Each structure stands twice: as C-alpha cells, then as structure tokens.
Amino acid sequence: MSLPPEKASELKQLIHQQLSKMDVHGRIREILAETIREELAPDQQQLSTEDLIKALKRRGIIDDVMKELNFVTDNVDQELPSSPKQPVCFTDRQSTLLKKSDGTRMADSTTMLSISDPVHMVLIKTDIFAETTLVASYFLEWRSVLGSENGVTNLTVELMGVGTESKVSVGILNIKLEMYPPLNQTLSQEVVNTQLALERQKTAEKERLFLVYAKQWWREYLQIRPSHNSRLVKIFAQDENGINRPVCSYVKPLRAGRLLDTPRQAARFVNVLGYERAPVIGGGGKQEQWCTLLAFLCRNKGDCEDHANLLCSLLLGYGLEAFVCVGTKAKGVPHAWVMTCGTDGTVTFWDSLTGHRYLHKPINPDEPPAAEQPKPLYPYRTIGCVFNHQTFLGNCQPSDSVETCVFDLNDESKWKPMNEEAVKSVCAPGATTSLPPFPPLCASTIDASVTSNEIEMQLRLLVSEHRKDLGLTTVWEDQLSYLLSPALASYEFERTTSISAGNEEFQDAIRRAVPDGHTFKGFPIHFVYRNARRAFATCLRSPFCEEIICCRGDQVRLAVRVRVFTYPESACAVWIMFACKYRSVL
C-alpha cells in the first residue's frame, strides 16, 4: 500500500491537531522543568535524552499519546514507503518530527540515503508587539547521521542573515541529530559522502544546462520584437538567502486538507496574511526577495509575489488551472497576481493582496472607436509572463497591455513557452535542484471567542480613557453592541464569497433598538492584526470613527463589537465596529 504525499500531509495535520488538543508540548515542557529542578544535581548542567524519555514514560505521557493516536491499515503485512522529510521551523509553531518509520516496518539506511530533501529551518524574531522578523533561513543536509556511529551526530552550522544581509552571520547553531529508533545497519561515512558528492555534481550540471537553455530562450524572445527587452519577463528570482531560483520552483500544488474548504476561502486566507515589502537600504527602488513558502508562513507576512505564489499553489491544489502573472499596475509599479483559466475559456484574475476577483474580457483594438468595448475593472496595466510549477510562458503579443491581451496560452504566436522538460528538470518534485516539499498548513491556535472578547474589553477601556481626557462621560450599551455581530459576520462572508447576505435583518434590528427621535451611527473597520491599541490609533485617524468615539449630545450610548475570524497558520481577520446612538436636538 502506497501513501500519496497529499495523504501524508493530511495525516500530519490530524496528528498535529490531536497533539495540540492534548497539549502534549506544554506537558513535556512542564515535565522537563520539573525534572531539571528536582532530579539534577546543582553542578549538572544538562539533562540527557535518556533521562527525559524515562521521565515522560514515568508520568504516562507516551502512553497517553499512543492511546489517542490509533492507526488502522488494510494489511499490516504490506510495507509502506517512508514519508519524505517535511520541513521544520524554529518558530512559535510546534516542532515537526522527522520520521524514518511509518509504524509498520523500518525504512533501511539505503532507502533513507536516497531521500534528498533537506530540513528547512527558519528563525523568527517576535517583538513585544507581536511583530515578526525573519532572521535566518537554513537548509540542513541531515543525511550525515546515516553514517555516524550509534546513529548520533553533532553539527555546528553558521546561520546567515536574509535579504541584503544574506552575507552577514547572525549566529552559530549547534545541532544534535539522532536516528530514533536506531538503524539496524548504518552506512559507512564514505558511502554517504560519495552519494552527497554525486548529487551536488548532478545538481550543478542540471542548473548549468537550464541556465544555458534560459539564455537561448531569452535571445529568441528578444528576436521576436526588440521592445520585449522592457517587459517584465521574470525567469529567475532571489530567495531570502540571495540564491537565484527559477520562478517555477516557488509554486507547487498545495492541499489545505480540511482547513480551507473552497478556492475563495483560500484566497481570503492569503489575503489576511500581512503585506510587507522587502526592506531596502538606500535608494534604487524595490528590493527583490521572493520568500520560500515556509519562511513566508512563519513570518505571516510578505510581498505581493509571496502572496501570489501561495495562492497559485492552493488553487492548483483545488484542481484549477492557475498561473502567477508578473506585470505592472498603475504608475508602472511591478506587481504579481494569479490567473485561472476555465474549461470554457473564462479567464479570472485573483488579487492575492485584496482577495478581489475580476473577469477578463479583452478589448479589440481594431474595433471602430464608436464600438462598445468592455470596461476593465482590474488594476493591472501590463503583463510580461505567466508561470506555474510546470509551465513558463512569455507574452509575445504586439502590446503587453492587459486589457488587449488574449490569454490563449496554447497559441505560440501570442505566448512563447519554455520547454516543459527543461522546467521539470529543475522544478519537478524530487528534483535535487528544487525546493523541499511544501509543509502542510497548520490549524490556527487562536481561540476566536476569547480573543474577540479580549480586544473588545481593551477597546472599551481605550475609548473611555480617550473620552475622559475630553471631559466626556461614557455609557456602554451591551445590547446595542451585541446587535452589531450579524453585520460583522456578513462583512466577512462577503469578503470571502463576494455575496452580500444578512444585511436586511441587521438593519431591522437596529431600527427596533433605536427609539424615535434618536440617531444611530456605525463605523466598521477591518484589520489583520490583534493589537487593540494600534487598531484604536488607526480608527481615530478616520473622521467618521472619531466622530462616533467623541460623540456629544443627549442620552449618548456607545457600543463596540469585535469579531475575530481565524484561518490557518494563526492568520486572522479582525472586524471592529464602533457605534453610537443619541437623542437628536435641533
């Protein structure tokens, strides 16, 4: 019986959710602290792995986990191949365990030596305001442990910075690798080193051949029309470590398991991840930095290309024909968005930063001026190329204007394709030159109800203090605050589905709650962070919201409602609505 990679990802999600539900990691930390405090001598500085395992067994942690995790197979005699190594990151998400056994039979050392995927480690710094900064990203070659005695080896790696600081050391990381359970038979270090050397040689040759091909493709592209030199045709892009990678390697079909149900919900998830341009030192325009998916998810924010790559990967996972588009928007600003092509020829643009969707209908420049033409609603101006994990196409139409562009991607007179085998040689899953398999998405660890209530209480205090400074009293009306909830739910539903629903009931409830002769005012606002003080400062910059918060009049009653909608990777959409009602006095 073979376990497909997507099923392995779903299984991993279920195990992670169950471990989080049992708070296994918290219990391990408590036991570790107790063991160090109670059992170690004052002059002993380290706790051995064996002592920790004994402590876990003694307190029943391992037994509890094994009771909760029940695996059922159709035939226990069948050998299941081991899963590829999944990336891990040293951030606030829980650690991922590298497994060499699927629970039935052990994978031998030779099989494990053939698994070329490195362990991706990401170092994140989080400040007191919950703002995250990417510090380092490192790909660890773990297979040296296969040739070590007793299946244990210690490594020291130097972590380098990211972006413009990719040549600057940020620190040293000491790593202990141990095979658990131990291998029945270890390999000689010479065999391991020979295998790694052969892979490096093979990788270098593939990269060289693809670079030669890419240069030839570019020369042919320029020969079609010299003006193509000014188009945004992006073949390579630098990652956070300053390494040039083919753009196709940043996209792979990604299944969200049961965390996201529809493509539009996936688009909303990508939309609520923060937007942040790569930092630039000095002038010279935009700093290029395309983050690998794991680094992007750990930061929970990134540039437009990071959002577009993630959204394209998710839409491919849903079975759509999706591509990342590289071009410009207003004022010639470089931009990336996603395009899907329907079986009926429909072309839809997905903006990964806003979540908006646009149907594309090309304008015919040969039509007479009086002829009625479709009016584009999208913000995109030009397009240079489109790509996904298998395909790269350069726009070779006379004009690169999006509104006149025809997206018949099979027409080589309009779109110059790269050879798919060439793309596959460096971007296909399992290719030694490609990025490691994408990590499965993690379920949110945020309790939406608790977080909503906490932010709401903080905002009430901030409003009361602000009004007190103005010499105003504050009276809150809980019932009016509660009546605002349906509106916030309706706003989020509309952002996700583009369908408006429930507004009539909300308006009817407000009319009943506001007596005759009184005026009601409400102001909804949306954030993708959970910092109440920062949100309040932003609200005060809006004259409409400031008018509500500082409302003066007779029988003034204030209301505020907060609703947090959670998404994978602890991303969230935070809706806040301030409202007031007061007696109108002429």
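Trainee: Which residues does His228 touch, not counting residues up to four places away in sequence?

Mentor: His228 touches Trp218, Tyr221, Leu222, Asn395, Cys396 and Gln397, where a contact means heavy atoms within 4.5 Å. Keep in mind that this is a predicted model, in which local features need pLDDT of at least 70 and side-chain atom pairs count only at pLDDT 80 or more, while totals for chains, interfaces and linings use all residues. Residues are numbered from 1 along each chain as its sequence is written, and side-chain values use heavy atoms, with hydrogens and water left out.

Trainee: Where is the place of His228?

Mentor: His228 sits in the loop between helix 6 (189–224) and strand 5 (236–238); helices (H or I, at least four residues) and strands (E, at least two) are DSSP runs, numbered from the N terminus.

Trainee: Is His228 buried or exposed?

Mentor: His228 counts as buried, at 0% relative accessibility; buried means under 20% relative accessible area, exposed over 50% and partly exposed in between, with a 1.4 Å probe and protein chains only. Trp218, one of the residues that His228 touches, lies 10 residues away along the chain, and the C-alpha atoms of the two are separated by 9.6 Å.

Trainee: Zooming out, how many helices and strands does the protein chain have?

Mentor: The protein chain has 16 helices and 18 strands, and buried residues make up 44% of its 586 residues. Among the contacts with a separation of 6 or more, 67% are between residues 24 or more positions apart.

Trainee: Now the cysteines: how many disulfides does the structure hold?

Mentor: The structure holds 0 disulfides, a disulfide being a pair of cysteine sulfur atoms within 2.5 Å.

Trainee: On to charges, how many salt bridges does a search of the whole structure find?

Mentor: The search finds 17 salt bridges, each defined as a side-chain nitrogen of Lys or Arg within 4 Å of a carboxyl oxygen of Asp or Glu. One of them joins Lys301 and Glu131, whose closest N and O atoms are 3.3 Å apart. That pair links distant parts of the chain, 170 residues apart, with Lys301 in strand 8 (residues 301–302) and Glu131 in the loop between strand 1 (119–126) and strand 2 (132–140).

Trainee: Is Lys301 buried or exposed, and what does Glu131 count as?

Mentor: Lys301 is buried, with a relative accessible area of 10%, whereas Glu131 counts as partly exposed at 31%.

Trainee: What about Glu547, which residue does it form a salt bridge with?

Mentor: Glu547 forms a salt bridge with Lys521, with the closest N and O atoms 2.3 Å apart. Glu547 lies in helix 16 (residues 543–549) and Lys521 in strand 16 (residues 518–527), so this pair ties together parts that are 26 residues apart in sequence. Both partners are partly exposed, Glu547 with a relative accessible area of 40% and Lys521 at 26%. Elsewhere, salt bridges that share partners join Glu131, Glu276, Arg299, Lys301 and Arg534 into one network.

Trainee: How many bridges join strand 17 to strand 18?

Mentor: There are 11 bridges between strand 17 and strand 18 (residues 572–583), which run antiparallel, and Val564 stands opposite Val574 in strand 18.

Trainee: Last one, which residues does Thr451 touch, leaving out those up to four places away in sequence?

Mentor: Thr451 touches Ile446, Arg530 and Val564. Thr451 itself is in helix 11 (residues 448–469), and it counts as buried at 11% relative accessibility.

Technical notes
Two strands pair if DSSP finds at least two bridges between them.
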